[in-house]
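Trainee: Please take a close look at a single part of this model, one of its sheets, and then lead from there into the rest of the structure.

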Amino acid sequence: MATEVKLPRLGQGMESGTIVRWLKSEGEQVAKGEPLYELDTDKVTQEVEAEASGVLLKIAVPEGEVEVGRTIAFIGAEGEPVAVEAPAPAPAAPKEEEPVETARAPEREQQSVTNGRVKASPLARRLARERGIDLASVRGTGPEGRIVAEDVERAEVQPVRAPVAAAPSGEVASEPLSNVRKTIARRLTEAWTVPAFTLTVSADMTRANELVARRRELEPDVRVTVTDLLTRVCAQALVRHPGMNVQYTDDALLRFPNANVGIAVAAPQGLVVPVVHNAEQLTLSQIAHVRGDIVSRARDAKLRAEDIEGGTFTISNLGMFDVDQFVAVLNPPQASILAVGAAREQVVPRDGELFVVPLMTMTLTCDHRAVDGATGAEFLKTIKTFLEDPGLAL
Amino acid sequence: MPELSYREAVRDALSTAMRQDDGVFIMGEDIAEMGGSMGVTAGMLDEFGPERVRNTPISEMALAGTAIGAAMQGMRPVAEIMYEDFMTLAAEQVVNQAAKLRYMSGGQLTVPVVFRTQGGAGWSPGAQHAQQLEAWFVHIPGLKVVFASTPEDVRGLLWSSIYDDNPVVFFEHRTLYGIKGDVPEKIEPIPIGKARVHREGEDVTVVATGRLVHESLAAAEEAEKQGVSVEVVDPRTLQPLDEETIVASVKKTNRAVIAHEAVTRMGFGAEVVSVIQYQAFDWLDAPVERVGAKFAPLPFAPVMEQFVVPHKADVLAAIMRTVGRGD
């Protein structure tokens with residue numbers, strides 16, 4: 001009897017998913033655990049593994065949106081009959097892929113990109129990965145348009161994206177919403193209904209910057225960033241202020257034992273927030289390692305459901321884009337989010353003297369149903385103290 | 001510091017070892033009265049006599065085998081193979097006997113023999129007398145392979161080779177015999193397996209052997225004038241290879257050129273490229289370049305010989321390609 005391949009529930013709240021493409025074709029041998037198809041859920045696009053070995057007898061749903069539990073294919077012995085009327089794919093989003101492809105096309109026309117593969121040196125790739133730079137947006141100046149390290153360095157200095165080829169004048173381009181886009185819209189609309197307040201503070205980053213620089217010197221391979229230090233600092237602050245590590249539900253306040261810190265990442269397909277789990281137990285290098293991994297997978301659309309689940313707090317750092325300060329919208333159901341701007345040299349008077357110090361402005365947005373103003377203020381004060389004297393957070 | 005020629009430095013290592021150690025002796029074709037085809041052993045017959053400076057018949061296999069036998073009996077012979085082209089005739093003894101005996105006897109035998117040989121283009125000796133065959137021997141487990149490029153290195157490395165308990169194939173380059181350089185007052189052994197950084201630089205690493213070390217240093221000077229800072233590393237020992245020094249250098253410069261006189265294809269440089277791409281993959285900013293002879297027998301005609309083997313200009317062109325300024 002052939003095994004039915006059913007659309008799995010990959011995360012809490014998942015009702016349906018969109019099959020992007022099959023990685024095996026009908027009649028092909030499949031081993032259990034091998035990637036079988038690509039699935040786009042409202043959170044991530046991921047490869048789903050086969051749950052049985054055998055021949056892929058029949059693909060019932062070649063692509064499109066399918067509800068959880070629906071039979072999408074059959075795996076069995078060669079020649080084994082498949083007794084089904086193949087259900088037609090839900091008509092909702094069968095065309096999902098094409099327009100997305102069209103929308104991406106201009107990017108692919110840039111130099112350095114051949115057949116969808118970006119030509120870049122291994123060093124350039126590593127630098128881009130570490131600094132969170134999308135190679136597709138970098139212009140290569142090496143032989144045959146290859147992106148070399150210098151190009152990535154330059155891209156980092158001027159993070160101005162090459163203009164995407166404009167639509168023909170006068171025409172409005174209509175692009176169907178991807179699942180990720182729909183999710184962003186739904187969740188942030190939901191966040192807007194939450195009574196929230198914001199608190200702003202600036203921290204002197206002199207010692208934090210020194211620490212980050214020193215760690216890079218000591219461990220050039222790990223490449224610790226300010227975001228890593230922020231993750232560490234926020235995790236420690238959450239442990240000290242358990243009143244912040246909470247979530248509001250209609251009938252209970254949930255208190256979390258661990259600080260699972262989400263990091264907002266601008267991935268090509270839209271905003272995603274991969275999570276550094278149990279960040280309070282990780283050293284700075286461990287955080288850097290985990291962050292490097294999840295951020296690069298976020299950009300490659302290779303996140304798994306567990307990578308983005310369970311966050312109790314979020315950091316959104318737009319410092320690299322030269323933003324001075326901003327207010328982040330809550331990432332529901334989380335109760336707070338920290339919006340971080342760029343560290344800038346500013347003149348600060350202290351004891352009647354003027355000092356030039358790098359000041360970084362942060363704004364904390366809190367769900368007032370779960371957190372009171374004073375609780376948030378104490379928490380923010382701890383973050384400031386930790387950043388100004390990072391030894392305290394170790 | 002005294003100044004010695006490369007030729008004198010080889011002779012100094014041999015003579016000093018023979019003076020202090022009765023177990024060391026030399027043998028080879030025409031090495032006694034004639035002083036060797038390159039004059040390296042000139043005068044040694046007078047000092048050490050025919051027992052320890054032994055002329056052999058024209059049979060590389062016989063002389064290599066004799067040297068191996070003596071080594072197994074506890075001597076430290078240094079056999080001169082007149083041209084490295086003739087190593088092909090000695091290969092059975094070197095590859096199948098010398099390289100294997102310690103292993104096959106479970107360590108009961110050691111073979112502390114050195115096969116000194118020389119080669120290289122530069123004075124039109126033709127296709128059979130100027131090849132660079134180091135790649136043949138670095139491929140054999142059980143052999144150590146040395147290729148020194150300066151008087152100081154050749155003396156210190158020959159010393160270490162004589163006192164190594166394993167067979168060493170010791171390559172010298174014909175056109176280097178006349179070059180002069182400072183050497184320490186007293187012989188300082190140079191460890192086998194340790195590269196030498198001849199020149200530090202930031203932009204490109206050139207890993208060069210033999211004559212190409214000098215061509216590369218000259219190319220580096222030229223590149224410097226054009227704003228490219230070049231590091232030149234001479235592995236000195238090809239087997240075992242000092243991967244650590246090479247990889248560390250490439251991790252610093254992010255670009256590499258491998259230069260040797262032997263033909264590029266299947267050459268020693270290919271192994272170095274493999275080491276670099278594997279251990280420094282994420283540090284590479286350009287494909288690793290190789291510089292070597294064209295894949296052809298060496299022509300007799302001087303102009304054609306020079307056309308086939310690499311020179312400073314070839315190294316410089318490769319350096320410039322790695323920084324994206326090639327033709």
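**A sheet and its surroundings**

Mentor: In chain A, four strands form an open sheet in the order 5-4-2-7, with antiparallel pairing; strands (E, at least two residues) and helices (H or I, at least four residues) are DSSP runs numbered from the N terminus, and two strands pair if DSSP finds at least two bridges between them. Strand 5 (45-49) and strand 7 (64-67) of chain A each have a single partner strand and stand at the edges, so one side of each is left without a neighbour in the sheet. On average, and with direction ignored, neighbouring strands of this sheet are turned by 40 degrees against each other, where axes are lines fitted to C-alpha atoms, for helices over the stretch in contact, and angles between N-to-C directions run from 0 to 180 degrees. Strand 2 (residues 16-22) and strand 4 (residues 35-40) of chain A run antiparallel and are joined by four bridges, and T18(A) has D40(A) as its bridge partner in strand 4 of chain A.

This is a predicted model, in which local features need pLDDT of at least 70 and side-chain atom pairs count only at pLDDT 80 or more, while totals for chains, interfaces and linings use all residues. Residues are numbered from 1 along each chain as its sequence is written, with chains lettered from A and ligands numbered from 1 in the order in which they are written.

The sheet belongs to a chain with nine helices and 20 strands. Of the 394 residues of chain A, 37% count as buried, a residue being buried if 20 or more other C-beta atoms, placed from the backbone, lie within 10 Å of its own, exposed if 12 or fewer do, and partly exposed in between. Two residues are in contact if their C-beta atoms, placed from the backbone, lie within 7 Å, and among the contacts in chain A between residues at least 6 apart in sequence, 64% join residues at least 24 apart.

Another open sheet of chain A has six strands in the order 11-20-19-18-14-17, with mixed pairing. Here strand 11 (196-204) and strand 17 (275-276) of chain A stand at the edges with a single partner strand each, so one side of each has no neighbour in the sheet. Strand 14 (residues 261-263) and strand 18 (residues 313-317) of chain A pair in the parallel sense over three bridges, and G262(A) has T314(A) as its bridge partner in strand 18 of chain A. Helix 9 (residues 373-388) of chain A packs on this sheet, where it touches strand 11, strand 19 (336-350) and strand 20 (353-367) of chain A, and its direction makes about 20 degrees with that of strand 11 of chain A.

Helix 6 (residues 226-240) of chain A has 15 residues, which at 1.5 Å a residue should span 21 Å, and its end C-alpha atoms are 21 Å apart, which agrees; the expected span is 1.5 Å times one less than the number of residues. Twelve of the 15 residues of helix 6 of chain A are buried, so the helix is largely enclosed by the rest of the structure; among them are D228(A), R232(A) and L238(A).

Chain A meets chain B through ten residues of its own, in contact with eight residues of chain B. Helix 2 (residues 122-131) of chain A gives four residues, the largest share of the side of chain A that touches chain B.

Chain B has twelve helices and 14 strands, and 54% of its 327 residues count as buried. Strand 6 (residues 144-147) of chain B is covered on both faces, with K144(B) and V146(B) buried on one side and V145(B) and F147(B) buried on the other. This strand pairs with strand 7 (residues 168-173) of chain B in the parallel sense over four bridges, and V145(B) stands opposite V169(B) in strand 7 of chain B. Q118(B), in strand 5 (residues 114-119) of chain B, is buried, with 23 other C-beta atoms within 10 Å. Among the residues that Q118(B) touches are Y83(B), H173(B) and M38(B), and M38(B) is 80 residues from Q118(B) in sequence but 8.9 Å from it in space, C-alpha to C-alpha.

Conventions: Lists of a residue's contacts leave out its neighbours within four places in sequence.
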